[in-house]
Amino acid sequence: MKPKFFYISVIPFLLFTGILHSLEFPLEFHGRAWLGKYLNSDTIRYNMDASIQLYCTVIQHKNLSMYLQYRDDLDMAKQTGGVSLDPRYAHYYIISGFDYSLTDYFFSFDFTHDCIHDIDYEVEGTPVFNCFRLQFANMDFHQRNRRFTARRFLWGIGLGFYPHWQYHGWDINAGADYKYDVTIETLFKIFKKTDWGINIVPRFKIIKGDSIYYHEHLIQFHTYYTNGTSRIGLELSYNIWNNNPIKAPDKLWLLAIYVGF
């Protein structure tokens with residue numbers, strides 16, 4: 001007769017191998033890139049924006065999946081000396097997290113590291129941000145479903161927490177007084193044909209600082225043409241209210257061309 005501890009020790013091994021056998025590695029990619037021009041006369045600070053974003057589902061086990069996301073933003077100020085694209089600020093985001101899917105909704109939890117680098121400017125104290133974020137949204141709002149759904153109204157709610165922990169003597173949110181934030185995102189499909197359509201995308205974000213609330217409220221108008229898996233279109237954005245100390249294009253319009261897949 002085999003000892004009892006043999007059965008106790010083999011159970012976790014069988015459970016682990018069972019989970020490992022059911023893992024999938026879809027490596028499903030989604031992304032977006034755009035280039036935009038601010039429609040304002042003063043371009044000393046706000047002239048052009050460009051951004052590239054890539055999302056990948058790496059591992060999946062039933063309703064649970066792990067994803068990685070990368071994004072970089074380039075903010076281009078007034079051009080001088082014949083340079084056509086001269087980024088003043090570079091903003092990088094690296095995100096890793098988990099999705100849990102239900103029938104009609106999904107939860108996501110991730111860790112976001114992002115920081116801003118001044119280019120060709122003698123400014124010390126690069127802002128660094130580290131945020132834990134929880135999101136709850138309807139299933140069709142997900143990156144992999146948003147372009148294909150027939151649902152007219154989509155929404156998502158996000159909560160972010162910026163801990164001021166010390167790591168080797170450095171605050172992991174150095175240069176920022178953010179505490180937490182609340183984000184509400186919605187999408188209204190006001191017109192949709194087989195291969196083209198028009199969307200309105202309001203986005204509202206409030207960030208709690210040390211002594212003030214920062215606001216980033218934006219509304220976008222999207223037109224697009226799609227071939228079923230990818231799309232190209234024009235995007236017009238208006239900053240309703242933005243007093244963020246990092247980037248505040250308050251009351252400015254931005255016209256952009258974008259591609260998504």
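User: Let's start with one residue. Where in the chain is Asp177 found?

Analyst: Happy to. Asp177 is in the loop between β9 (170-171) and β10. Please keep in mind that this is a predicted model.

User: How do I read its accessibility: is Asp177 buried or exposed?

Analyst: The idea is to compare the relative accessible area with a cut-off, and buried means under 20%. Asp177 has a relative accessible area of 18%, so this loop residue counts as buried.

User: Which residues does Asp177 touch, apart from those up to four places away in sequence?

Analyst: Those residues are His164, Lys208, Gly209, Asp210 and Tyr214. Two of these names come back when you look at polar atoms. The side chain of Asp177 makes a polar contact with the side chain of Tyr214 at 3.0 Å, and it also reaches the backbone nitrogen of Asp210 at 3.3 Å. For a view in terms of sequence and space, take Pro127: Asp177 and Pro127 are 50 residues apart in sequence, while their C-alpha atoms are 10.0 Å apart.

User: Lys208 was in that list. Which ring does the charged end of Lys208 sit over?

Analyst: For this feature you look at the charged end of a side chain and the face of a ring. Here the charged end of Lys208 sits over the ring of Tyr213, 5.6 Å from its centre. In another case, Arg146 lies over the face of Phe141, at 4.1 Å from the ring centre.

User: Let me try a strand residue. Where does Asp75 lie, and what does its side chain contact?

Analyst: Asp75 lies in strand β3, which covers residues 64-76. The side chain of Asp75 makes a polar contact with the side chain of Lys247, at 3.1 Å. Leaving out residues up to four places away in sequence, Asp75 touches Arg45, Met48, Asp49, Pro87, Arg88, Tyr89 and Lys247. With a relative accessible area of 7%, Asp75 is buried.

User: And Thr226: which backbone atom lies 2.8 Å from a polar atom of its side chain?

Analyst: That is the backbone oxygen of Ser230. Thr226 itself has its place in strand β12 (residues 213-226) and is buried, with a relative accessible area of 13%. Beyond its neighbours within four places in sequence, Thr226 is in contact with Thr194, Asp195, Trp196 and Arg231.

User: What about Phe29: which strand is it in, and what is its relative accessible area?

Analyst: Phe29 is found in strand β1 (residues 28-38). Its relative accessible area is 44%, so Phe29 is partly exposed. Leaving aside neighbours within four places in sequence, Phe29 is in contact with Leu54, Tyr55, Cys56 and Phe261. Phe29 and Gln69 are 40 residues apart in sequence, and 9.6 Å apart from C-alpha to C-alpha.

User: Now the rings. How many aromatic pairs are there?

Analyst: The count comes to 15 aromatic pairs. One of them is formed by Phe153 and Phe188, with 4.9 Å centre to centre and 35 degrees between the planes. Planes under 30 degrees apart would count as stacked and those over 60 as edge-to-face, so the pair of Phe153 and Phe188 is tilted. This pair links distant parts of the chain: Phe153 is in strand β7 (residues 153-161) and Phe188 in strand β10 (residues 180-192), 35 residues apart. Phe153 is partly exposed at 37%, and Phe188 is partly exposed at 36%.

User: Which residues form one aromatic cluster?

Analyst: Tyr105, Phe107, Phe136 and Trp155 do.

User: Finally, what does the secondary structure of the chain come to, and how much of the chain is buried?

Analyst: The secondary structure comes to one helix and 14 strands. Of the 261 residues in the chain, 40% are buried. The chain exposes about 15,300 Å², and carbon and sulfur atoms supply 66% of that area. For contacts between residues at least 6 apart in sequence, 53% join residues at least 24 apart.

Methods:
Residues are numbered from 1 along each chain as its sequence is written. This is a predicted model: local features need pLDDT of at least 70, side-chain atom pairs count only at pLDDT 80 or more; totals for chains, interfaces and linings use all residues. Side-chain values use heavy atoms; hydrogens and water are left out. Helices (H or I, at least four residues) and strands (E, at least two) are DSSP runs, numbered from the N terminus. Buried means under 20% relative accessible area, exposed over 50%, partly exposed in between (1.4 Å probe, protein chains only). A polar contact is a pair of N or O atoms within 3.5 Å; within protein, one must be able to donate a hydrogen and the other to accept it, and residues adjacent in sequence count only if both atoms are side-chain atoms. Contact means heavy atoms within 4.5 Å. Rings of Phe, Tyr and Trp (its six-membered ring) pair if their centres lie within 6.5 Å; planes under 30 degrees apart count as stacked, over 60 as edge-to-face and the rest as tilted. A charge sits over a ring if NZ of Lys or CZ of Arg is within 6 Å of the ring centre and within 35 degrees of the ring normal. Accessible areas come from the Shrake-Rupley method with a 1.4 Å probe; for residues, only the protein chains shown count as cover.
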